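Hi,

Here is the structure I promised to pass on. Have a look at it first, and then read on for what turned up.

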Amino acid sequence: MALLTRRRASYALSMSALLALLPACEPLADDLDFVRQEVQVTTRSTLVPPAEPAPATLKVMAWNVKYGAARIDFWFDYWGDRVQMTKQEVAENMADLYRLVNEYDPDILMTEEIEVNSRRSAYYDMVQGMLEGTSLNYAAYIQTWNSRFIPSEGVGRMDLGNAIFSKYPITFAERIRQEDRTDQDGITAKFYIHRMIGRAVIDVGAGRDVAAYVVHTEAYDVDGTKGRQIQQIYEEIKKETLPFVLGGDFNELPPSSIKLVGFPDEHPSSLGTEYEQPPYTPEIMQKFYDDYVPWVSLEAYGTTEAQQRRSFTHTVAGPLHNDAQGNPQFWNRTLDYLFVTKADAWAPGKADVLQEPGRQGIQSDPLMLSDHAPVVGTWVLGGGTP
Amino acid sequence: MKRAMFAAIGLLALLSPAFASAEPMPARETARVLDKGKLSGGLLSPFELGLGGGWEVTTMLVPWLLLSPNVTFRGELGHLGKGVVITGEYGLSVPTGAMRLTQGYLFPTWEASGQRPGWVVAPTAGLWISGGDRGVLTGRLETTVGLSLGDNPATPLESYAPLELLFAPALNGFRVRTGLAYDYAILDWLRARAAVNGYAIGRSPHPPRSPFYASAEVGIEIGLGKTVRVALGGIWYNYDQREKVLEKGGDGRWLRVPVRSNDFFPTFDLILRPR
């Protein structure tokens, strides 16, 4: 959820300003200053032919993979103070991620917080790793953060983004710039993440193309940036002419959520800082539920906290930390989503949140693999109301 | 503002010969040590004091401001023919203060665990050789090693070359530098300088990267009277800072491949060196 920042980001300003005076061939930090930009598609070293050359259904998964940090407590979450991982730690965590992906075996995977060349994740190329470690063949990496050296808490080089993976050929991919926060000073903003909508066109055989979108919106803004980013996503998918799936981490609760404040994974020392979780505004998600088909309907989501618990997708703290009652922490809110158009549908009983072993037949424990749970479903092409 | 500054420097430079002695300004950063009691110092250049008997002591001021003591003694070892001097260099620095002062920026705060960059002492040994009169050719070889006094959780920054080289003994274990410079007195009050340097630093703890750095620099020094010099120039570095670019391979696949970084930095210094 949180990516960098905290109070040290503001302390970094003077150091950043100093470095900004030094001209360099590779920019200090890439502003990613464009409206839309095509991105290159990378491939598995050896392609694995999909079992079904022209499928009527597609298994999809969206997962915020927390840059392969699993349950290592990083400094900005306040539960620990790690800044970087060893290559071995990242390799082991990524192997666990590949294992879960293989257990579910999606045709299309959308990931957020995936890195290809960041100091904190030992410069591990997670996009290529995911291709080689699973039977997914194609990847479009939607870079959102490209800073050569972030002089804050020793973060250093950062190359982070979202990605769309597919077993079927990605014939075109692009990233669509989202609005930046306006509640940061200029230098902090210069070194900060720039959110993107990722879009890929996938050839699923028999002359049929579908689109996949991956998103990850702002978490801690206090100027309404997240709301405007979510509105932009809504407007962008409205223009889509292909059948599509939208997946990602919206950093927002579903409209009928019961619990809106006081989540147990917010560390006490984070309260009162500028990185305390701002109030959620779940009503801004309503239009997606009105106009598209969510993988978990509001009816299925339920009307009590106990019912909604089955669809929670996020906890910062995880089971290695206890809540106020002394119980290991569990997923405590829903921030991740999948939507398809009303012309399509989700196969009954196949849409879920992979919260724990056994869900949809998995053996891995997702609670130990990231601070987000994967959301999954079987997308029935043309299975809805035309 | 810039125009006025350059105009002032130009004017002073034009007037300089009137103030200057007939001898050209001596070259700096050579094997030749200062005479007893003579001083030289700059904002970014070493502060040097001649001790007599072929010895001088030098220190860098900026690290002191970051609570990092450093001192180097340079002593002439001998002469090879006319005008060729060989000098040995023996120094010690303690960069821990700078690492601790920049916690929260270059280094983590480690608030939860309370860790701090550890104590490191960095001895230096080097050899200089210089020859020539109006044009001075200088070669140098220097090695600095970092000796940790206990645990040091700080890791290499993998940052810009000047920072990386500065902290390399403490964070990578050692830094070796070899360089060749030519410094020529164009006029009595104007010197031009060109230098190339090669560096090797110790291993980085993460995936392998090249430990070799190269730099090339050019600059001029303008004498402003008998005491002040202004040094202007630029330096280029070529090194591995973990940069990767997406390239299409022979098989048509796009791959991220490592490339070496190239940086150019302007240089400026104000030097006090009475003649």
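One term before anything else: a residue is buried if 20 or more other C-beta atoms lie within 10 Å of its own, exposed if 12 or fewer, and partly exposed in between, with C-beta atoms placed from the backbone. On that count, buried residues make up 32% of the 275 residues in chain B.

Some housekeeping. This is a predicted model, in which local features need pLDDT of at least 70 and side-chain atom pairs count only at pLDDT 80 or more, while totals for chains, interfaces and linings use all residues. Residues are numbered from 1 along each chain as its sequence is written, and chains are lettered from A and ligands numbered from 1 in the order in which they are written.

Chain B to start with. Its C-alpha trace spans about 65 × 50 × 45 Å along the principal axes. Chain B has four helices and 15 strands; helices (H or I, at least four residues) and strands (E, at least two) are DSSP runs, numbered from the N terminus. Two strands pair if DSSP finds at least two bridges between them. Strand β15 (residues 261–272) of chain B pairs antiparallel with strand β12 (residues 228–239) of chain B over 12 bridges, and there Ile235(B) stands opposite Phe265(B). β15(B) also pairs with strand β1 (residues 39–42) of chain B, again antiparallel, over two bridges. Gly42(B) has Ile271(B) as its bridge partner in β15(B).

What does Thr59(B) touch, beyond residues up to four places away in sequence? With contact meaning that the C-beta atoms, placed from the backbone, lie within 7 Å, the list is Pro46(B), Phe47(B), Asn70(B), Val71(B) and Thr72(B). Thr59(B) lies in strand β3 (residues 55–59) of chain B and counts as partly exposed because it has 17 C-beta neighbours inside 10 Å.

Now chain A. Seven of its strands form an open sheet with mixed pairing, in the order β1-β7-β8-β9-β10-β12-β11. The edge strands, each pairing on one side only, are β1 (36–38) and β11 (293–294) of chain A. Within the sheet, strand β7 (residues 170–177) of chain A runs antiparallel to strand β8 (residues 196–203) of chain A, joined by seven bridges, and Glu174(A) stands opposite Arg199(A) in β8(A).

Helix α6 (residues 225–238) of chain A is worth a look. Its buried residues are Thr225(A), Lys226(A), Gln229(A), Ile230(A), Ile233(A) and Ile237(A). They sit on the same side of α6(A) because they cover an arc of only 135 degrees around the axis, the arc being that of the directions from the helix axis to the C-beta atoms. β8, β9 (209–216) and β10 (244–249) of chain A are among what covers them. On the other side of α6(A), Glu235(A) and Lys238(A) are exposed.

Finally, where do the chains meet? The contact takes 31 residues from chain A and 29 residues from chain B. On chain A's side, the elements giving two or more residues are α1 (7–11), β2 (41–43) and β6 (156–166). That side has 14 nonpolar, nine polar and eight charged residues, where Ala, Val, Leu, Ile, Met, Phe, Trp, Tyr, Cys and Pro count as nonpolar, Asp, Glu, Lys and Arg as charged, and the others, Gly among them, as polar.

Cheers

Terms used. Contact = placed C-beta atoms within 7 Å.
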